[in-house]
Amino acid sequence: MKIYNHLSQIVITSLTFAAITWLQILRRNYVIFTLLLGLNFIVATPAMAANLSGDLLKQPATEITINLGNSANELKFEPNHLEFVTGKRYQLTLTNPSQLKHYFTAKDFADGIWTQKVQAGKVEIKGAIHELELKPGAEAEWVFVPLKSGDYGLRCTIPGHTEAGMTGEIAIKN
Ligand SMILES: [Cu+2]
């Protein structure tokens with residue numbers, strides 16, 4: 001009886017040890033699996049962006065120019081209506097031929113596009129842009145691909161300029 005008890009004790013201990021080891025392996029695998037899933041998720045977005053930019057960079061950009069104000073210092077965008085098509089690559093040149101400082105502010109439009117770069121002078125800015133400030137005589141090039149169709153508002157946020165009519169419309173069509 002004593003021997004049997006002792007034996008069963010050993011069996012139970014062994015089984016418990018085996019179960020704990022198995023659980024630890026499972027847990028470790030689970031952690032590794034979760035990590036892998038997490039990494040996949042993190043890696044997916046830049047990889048997709050890289051693929052997107054890789055294909056789109058081969059596409060020649062359609063060039064469009066918009067003037068912020070004019071040489072007569074009128075408070076308006078010229079033209080004040082811009083049209084783009086989703087999936088096409090554009091180079092929007094912004095110039096300020098006036099003696100005043102102006103803003104190109106179109107937050108919702110900026111949210112609906114993928115910006116490849118904004119180039120001004122010798123500086124190239126990559127990533128999302130919502131607003132551009134152009135000092136007198138300044139010029140900037142905005143290269144992007146429209147993604148989301150819709151009608152978006154454009155305005156200059158310098159005090160008094162929106163009120164004076166320095167506004168515009170940007171349409172993105174499918
Ligand atoms: Cu302005």
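These legends accompany close-up views of a predicted model.

View 1. Let us start with the overall layout. Two helices and 11 strands make up the elements of the chain. Read from the N terminus, they follow the order α-β-β-β-β-β-α-β-β-β-β-β-β. Of the 174 residues in the chain, 17% are buried. Among contacts with a separation of 6 or more, 76% join residues 24 or more positions apart.

**View 2. Confidence along the chain.** The mean pLDDT of the chain is 80, and 69% of the residues reach 70 or more. Which residues have pLDDT under 50 and zero contacts beyond four places in sequence? One such stretch is residues 15-23, and another is residues 25-47.

**View 3. The six-stranded open sheet.** Here the strands are arranged in the order S2-S1-S4-S9-S6-S7, and their pairing is mixed. Why is one side of S2 and of S7 left without a neighbour in the sheet? Strand S2 (77-78) and strand S7 (123-125) stand at the edges and each has a single partner strand, so one side of each has no neighbour there.

**View 4. Strand S2 and its partner S1.** Strand S1 covers residues 62-68 and pairs with S2 in the antiparallel sense, over two bridges. For a landmark, look for Asn67, which stands opposite Glu78 in S2.

**View 5. Strand S9 between S4 and S6.** In the strand order of the sheet, S9 sits between S4 and S6. S4 pairs with S9 in the antiparallel sense over six bridges, and Tyr90 has Phe144 in S9 as its bridge partner. On the S6 side, the pairing with S9 is antiparallel too, over six bridges. There you can find Ile113 opposite Pro146 of S9.

**View 6. The largest nonpolar core.** This core holds 21 residues, and Leu94, Phe104 and Leu154 have the most contacts inside it. Two or more residues each come from strand S4 (90-95), strand S6 (113-120), strand S8 (131-134), strand S9 (139-146) and strand S10 (150-155). Which strand gives the most to this core? That is S9, with four residues.

**View 7. The surroundings of Phe104.** Which residues does Phe104 touch, leaving aside those up to four places away in sequence? They are Leu68, Leu94, Glu131, Leu132, Leu134 and Leu154.

Notes:
Residues numbered from 1 in each chain as written. Predicted model: local features only at pLDDT ≥ 70, side-chain atom pairs only at ≥ 80, totals over all residues. Core = buried A, V, L, I, M, F, W, Y, C linked by C-beta atoms within 7 Å. Buried ≥ 20, exposed ≤ 12 C-beta atoms within 10 Å, placed from the backbone. Contact = placed C-beta atoms within 7 Å. pLDDT = per-residue confidence, 0-100. Pairing = 2+ DSSP bridges.
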